[in-house]
Amino acid sequence: MKKKLLLTLLLSAGILVACSEMNPHPMDMTQAVQSATTKADHEALAKHYEEAAKELQLKVEEHKKLLSQYQSKSYLYGKQADTLLSHCRVLINAYEKAAEANLSMAAMHRQM
């Protein structure tokens, strides 16, 4: 019983760490977008948005793995299994939408 509790606590801590954003935007995006005038400026912004999309896609893949784990071994998580499954699905959806938005912004800046 203690092992199950410890495993649940460790997985919960892992989820919290994985969900936290350490450095979402290393540059002031508002200032960067407003001051972008040259093709190089827009290219740098497009690259930034593409890198952000890649990071978000990695988070999607990570949460898909967690979701698979929770689905295949839901008996390990007891009453929390449904909550964990739901949480992962919400995060996957949010990260996918954010990645799409970043790719859209990158495409827009590449056209400028």
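Reader: What makes the pairing of Glu50 and Arg110 a salt bridge?

Author: The term asks for a side-chain nitrogen of Lys or Arg within 4 Å of a carboxyl oxygen of Asp or Glu. Glu50 and Arg110 come to 2.6 Å, N to O, so their side chains qualify. The two residues sit in distant parts of the chain, Glu50 in helix H3 and Arg110 in helix H4, 60 residues apart. Please keep in mind that this is a predicted model, where local features need pLDDT of at least 70 and side-chain atom pairs count only at pLDDT 80 or more, while totals for chains, interfaces and linings use all residues. Residues are numbered from 1 along each chain as its sequence is written, and side-chain values use heavy atoms, with hydrogens and water left out.

Reader: Why is Glu50 called partly exposed?

Author: Its relative accessible area is 25%. Buried means under 20% and exposed over 50%, with partly exposed in between (1.4 Å probe, protein chains only), so Glu50 falls into the middle class. Arg110, at 31%, is partly exposed too.

Reader: Which other residue forms a salt bridge with Arg110?

Author: That is Glu43, with the closest N and O atoms 2.0 Å apart. Here too the pair links distant parts of the chain: Glu43 belongs to helix H3 (residues 39–72) and Arg110 to helix H4 (residues 81–111), 67 residues apart. Glu43 is partly exposed, its relative accessible area being 35%.

Reader: How many salt bridges are there by this rule?

Author: The count is 3. Another of them is formed by Glu96 and Lys64, whose closest N and O atoms are 3.6 Å apart. Glu96 lies in helix H4 and Lys64 in helix H3, 32 residues apart in distant parts of the chain. Both are partly exposed, Glu96 with 27% relative accessibility and Lys64 with 36%.

Reader: How many aromatic pairs does the chain have, and why does the pair of Tyr70 and Tyr77 get its name?

Author: There is 1 aromatic pair. Tyr70 and Tyr77 have ring centres 4.9 Å apart and planes at 85°. Rings of Phe, Tyr and Trp (its six-membered ring) pair if their centres lie within 6.5 Å; planes under 30 degrees apart count as stacked, over 60 as edge-to-face and the rest as tilted. The Tyr70 and Tyr77 pair is therefore edge-to-face. Tyr70 is buried at 1% relative accessibility, and Tyr77 is buried at 4%.

Reader: Is His109 buried or exposed, and what joins the side chains of His109 and His42?

Author: His109, found in helix H4, has 3% relative accessibility and so counts as buried. A polar contact of 3.0 Å joins the side chains of His109 and His42. That term covers N or O atoms within 3.5 Å; within protein, one must be able to donate a hydrogen and the other to accept it, and residues adjacent in sequence count only if both atoms are side-chain atoms.

Reader: How many helices and strands make up the chain?

Author: There are 4 helices and 0 strands, counted as DSSP runs numbered from the N terminus (helices: H or I, at least four residues; strands: E, at least two). Of the 112 residues in the chain, 29% are buried.
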